[in-house]
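Subject: Structure for you to look over

Hello,

Here is the structure I promised to pass on. Please open it alongside this email.

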Amino acid sequence: MAATRGANMLLKYNTGTFATPVWTTMGGLRSRRMRVGRSIIDVTTADAPNLERMLLPGGGVAQISVSGDGVFEDTAAQAAAEAAARSGAFLDMQITIPGYGTYRGDFAVTDFEFAGDFDKELTFSCSFESAGQAAFAAL
């Protein structure tokens, strides 16, 4: 895969229905991050060989964490994320990783923050955690 611009990584949320999605891009973002992970289940016992840790294969909870920050532009997507952070509602989101694939699923907004220095632009940051299984479609 050839190198691609980080700006091509897109965070979008659905303003339509699940069957007929209308994707709105989270505008103003300067940086985006996504982490796919799984917790582990330690099944080590006192009789484990050399007392080395033993893990349960396929165990643990899978999760996707997404975050971004940038310039606050008062967009509909930013307003929806801030409202979801206050209400606890989930957002149907799509995360596109250029040249790799797209994830889609419900995400909880775990953090939405505003920041501003007196001599700089108003900025925001937001964090999302998967609230169920996210579907992956390779590009």
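Below is what I found in it, starting with the whole chain and ending with single residues.

Please keep in mind that this is a predicted model.

**Overall layout**

The protein chain has 1 helix and 8 strands. From the N terminus, the order is β-β-β-β-α-β-β-β-β. The radius of gyration is 18 Å, well over the 14 Å that the globule rule gives for 139 residues, so the chain is more spread out than a compact globule. Along its principal axes, the C-alpha trace spans about 60 × 40 × 40 Å.

Buried residues account for 34% of the 139. The chain exposes about 8500 Å², and carbon and sulfur atoms supply 55% of that area. Take the contacts between residues at least 6 apart in sequence: 62% of them join residues at least 24 apart.

**The core**

The largest nonpolar core holds 22 residues. Which of them touch the most other members? They are Met 26, Leu 91 and Phe 128. Several elements give two or more residues to this core: strand 1 (10–14), strand 4, helix 1 (76–87), strand 5 (90–97), strand 6 (101–115) and strand 7 (123–130).

Leaving aside neighbours within four places in sequence, its contacts include Met 26, Ile 64, Ala 81, Leu 91 and Phe 107.

Ser 130 lies in strand 7. Ser 130 counts as buried, because its relative accessibility is 19% and the cut-off for buried is under 20%. Beyond its neighbours within four places, Ser 130 is in contact with Gln 63, Ile 64, Asp 106 and Phe 107.

**Salt bridges**

The structure holds 4 salt bridges.

- Asp 69 is in strand 4 and Arg 33 in strand 3, so the pair ties together parts 36 residues apart in sequence. Asp 69 is partly exposed at 29% relative accessibility. Arg 33 is partly exposed at 40%.
- Glu 82 is partly exposed at 23%, whereas Arg 86 is exposed at 63%.

**The loop between strands 3 and 4**

Please look at the loop between strand 3 (29–38) and strand 4 (62–71). Asn 50 sits in this loop. Asn 50 is not a glycine, yet its phi is positive, about 55 degrees. Asn 50 is exposed, with a relative accessible area of 69%.

Leu 51 is in the loop too. Its phi is near 50 degrees, again a positive value in a residue other than glycine. At 59% relative accessibility, Leu 51 counts as exposed.

Leu 56 also belongs to this loop. Leu 56 is partly exposed, with a relative accessible area of 42%. Together with Ile 41, Val 43 and Met 54, Leu 56 forms a nonpolar patch on the surface. The patch has about 310 Å² of accessible area.

Best wishes

Key
Residues are numbered from 1 along each chain as its sequence is written. This is a predicted model: local features need pLDDT of at least 70, side-chain atom pairs count only at pLDDT 80 or more; totals for chains, interfaces and linings use all residues. Side-chain values use heavy atoms; hydrogens and water are left out. Patches are made of residues with over 30% relative accessible area and no salt bridge: like charges are joined within 9 Å, nonpolar side chains (Val, Leu, Ile, Met, Phe, Trp, Tyr) within 5 Å. Accessible areas come from the Shrake-Rupley method with a 1.4 Å probe; for residues, only the protein chains shown count as cover. A salt bridge is a side-chain nitrogen of Lys or Arg within 4 Å of a carboxyl oxygen of Asp or Glu. Helices (H or I, at least four residues) and strands (E, at least two) are DSSP runs, numbered from the N terminus. Buried means under 20% relative accessible area, exposed over 50%, partly exposed in between (1.4 Å probe, protein chains only). The radius of gyration is taken over C-alpha atoms; the globule rule is 2.2 Å times the number of residues to the power 0.38. Contact means heavy atoms within 4.5 Å. A nonpolar core is a set of buried Ala, Val, Leu, Ile, Met, Phe, Trp, Tyr and Cys residues joined through side-chain atoms within 4.5 Å.
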